[in-house]
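Me: I have just opened this entry and would like a guided look at it. Could we go through it step by step?

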Amino acid sequence: MDEKKFLAEQFEANRPRLRAVAYRMLGSTAEVDDAVQEAWLRLGRTDTAAVDNLGGWLTTVVARICLDMLRSRKSRREEPIGPHVPEPVTENPSERETEMADSVGAALLVVLETLAPAERLAFVLHDMFAVPFQEIAPIVGRTPAAARQLASRARRRVQGAPPAPDADLGRQRGIVEAFLAASRNGDFEALLAVLAPDVVVRADQAAQRLGSLPVIRGAAAVAESFKGRAQAARPALVDGGIGVAVIFGGALRVVLRVTISGDRIAAIDATADAAAIETLDVEVLDRT
């Protein structure tokens with residue numbers, strides 16, 4: 001069979017699932033069509049010879065497209081204050097529009113609109129489409145454990161549980177505050193006490209231009225790197241998870257996403273690119 005014809009048939013076979021993923025992510029039938037069409041265009045530009053699971057690959061592509069669309073909504077200055085209102089089906093809905101609306105429900109879509117983009121993606125893909133966290137993690141730029149936390153927070157909100165205060169989040173905040181205090185004081189031993197032995201720090205290119213190394217591995221190396229720093233750093237929530245906001249000159253300059261395992265910091269991801277920071281939901285935590 002001609003390869004293009006084969007891919008077209010496979011895409012059509014997967015189209016209902018792709019539309020279902022996109023609708024739960026976006027809540028807009030018009031945007032669903034845009035997302036699915038973009039997935040088709042990307043398929044045409046991709047060498048699929050190395051793709052073992054085309055359906056899974058397409059789901060991942062649509063999820064990435066939807067995540068970008070959600071973040072674009074968030075960053076547009078002309079967007080009205082308040083959550084995006086899910087688009088109802090048209091006055092004379094098609095059968096597929098009716099099926100999508102009935103399968104999700106307006107009430108659930110409204111709740112999904114309150115989630116941060118990364119939380120929504122993790123919840124939709126895992127809880128609604130059984131995508132493993134190992135596959136979700138690279139889409140949102142997190143570890144599988146962090147992706148699991150995103151879905152868990154989203155699940156509690158969908159089920160009506162208040163997202164905060166959270167006992168585990170409070171514990172993690174305490175670890176981050178201890179880390180920042182040790183950093184400011186230049187206390188090497190105190191830094192070691194809150195760092196996992198195999199801790200990894202990764203920095204984007206913008207953070208590297210500010211003096212960070214691309215990757216730092218091991219508690220001793222990380223402690224030495226942070227010793228005497230963090231003067232402008234504050235604990236923060238980053239997309240609902242614990243992190244650090246670095247503010248100087250009256251502006252948010254660097255965001256650290258912190259992964260905690262047990263009672264120690266296992267990973268730190270530093271983002272200084274202004275466009276990337278704009279897509280993050282960052283809430284600086286008040287000092288107590």
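**A pocket and its surroundings**

Reply: Phe179 is buried, and Phe226 is buried as well, where buried means under 20% relative accessible area, exposed over 50% and partly exposed in between, with a 1.4 Å probe and protein chains only. The model is predicted, so to speak of local features pLDDT of at least 70 is needed, side-chain atom pairs count only at pLDDT 80 or more, and totals for chains, interfaces and linings use all residues. Residues are numbered from 1 along each chain as its sequence is written, and side-chain values use heavy atoms, with hydrogens and water left out.

Me: How many aromatic pairs are there?

Reply: The count comes to two aromatic pairs. Rings of Phe, Tyr and Trp (its six-membered ring) pair if their centres lie within 6.5 Å; planes under 30 degrees apart count as stacked, over 60 as edge-to-face and the rest as tilted. One of the pairs is edge-to-face, because the rings of Phe179 and Phe226 have centres 5.1 Å apart and planes at 65°.

Me: Where in the chain do Phe179 and Phe226 sit?

Reply: Phe179 is in helix H9 and Phe226 in helix H12, 47 residues apart, and the pair links distant parts of the chain. Helices (H or I, at least four residues) and strands (E, at least two) are DSSP runs, numbered from the N terminus.

Me: Which residue lies over the face of Phe226?

Reply: Arg229 does, at 5.8 Å from the ring centre. The rule is that NZ of Lys or CZ of Arg is within 6 Å of the ring centre and within 35 degrees of the ring normal.

Me: What about the second largest pocket: what is its volume?

Reply: The volume of the second largest pocket is about 400 Å³. On a 1 Å grid over the protein atoms alone, a pocket is an open set of points where a 1.4 Å probe fits, with protein on both sides within 12 Å along at least five of seven lines; lining residues have an atom within 4 Å of a point. Grid points are joined across faces, edges and corners, and the volume is the space filled by probe spheres set on the points.

Me: Which residues lie nearest its centre?

Reply: Of the 23 residues lining the second largest pocket, Ser212, Phe226, Arg229, Val246 and Val254 lie nearest its centre. The lining divides into 18 nonpolar, four polar and one charged. Ala, Val, Leu, Ile, Met, Phe, Trp, Tyr, Cys and Pro count as nonpolar, Asp, Glu, Lys and Arg as charged, and the others, Gly among them, as polar.

Me: Which element gives the largest share of that lining?

Reply: H9 does, with three residues.

Me: Back to H12. Which of its residues are buried?

Reply: The buried residues of H12 are Ala219, Val222, Ala223 and Phe226. Seen down the axis of H12, they fall within an arc of 100°, so they line one face of the helix; the arc is that of the directions from the helix axis to the C-beta atoms. Just after H12, Gly228 takes a positive phi of about 80°.

Me: What is the phi of Ala230?

Reply: Ala230 has a positive phi of about 70°, although it is not a glycine. Most residues other than glycine have a negative phi. Ala230 lies in the loop between H12 and strand S3 (233-238).

Me: Ala230, buried or exposed?

Reply: Ala230 is buried, with a relative accessible area of 16%. Ala130 also has a positive phi, of about 60°, but Ala130 is exposed, at 63%.
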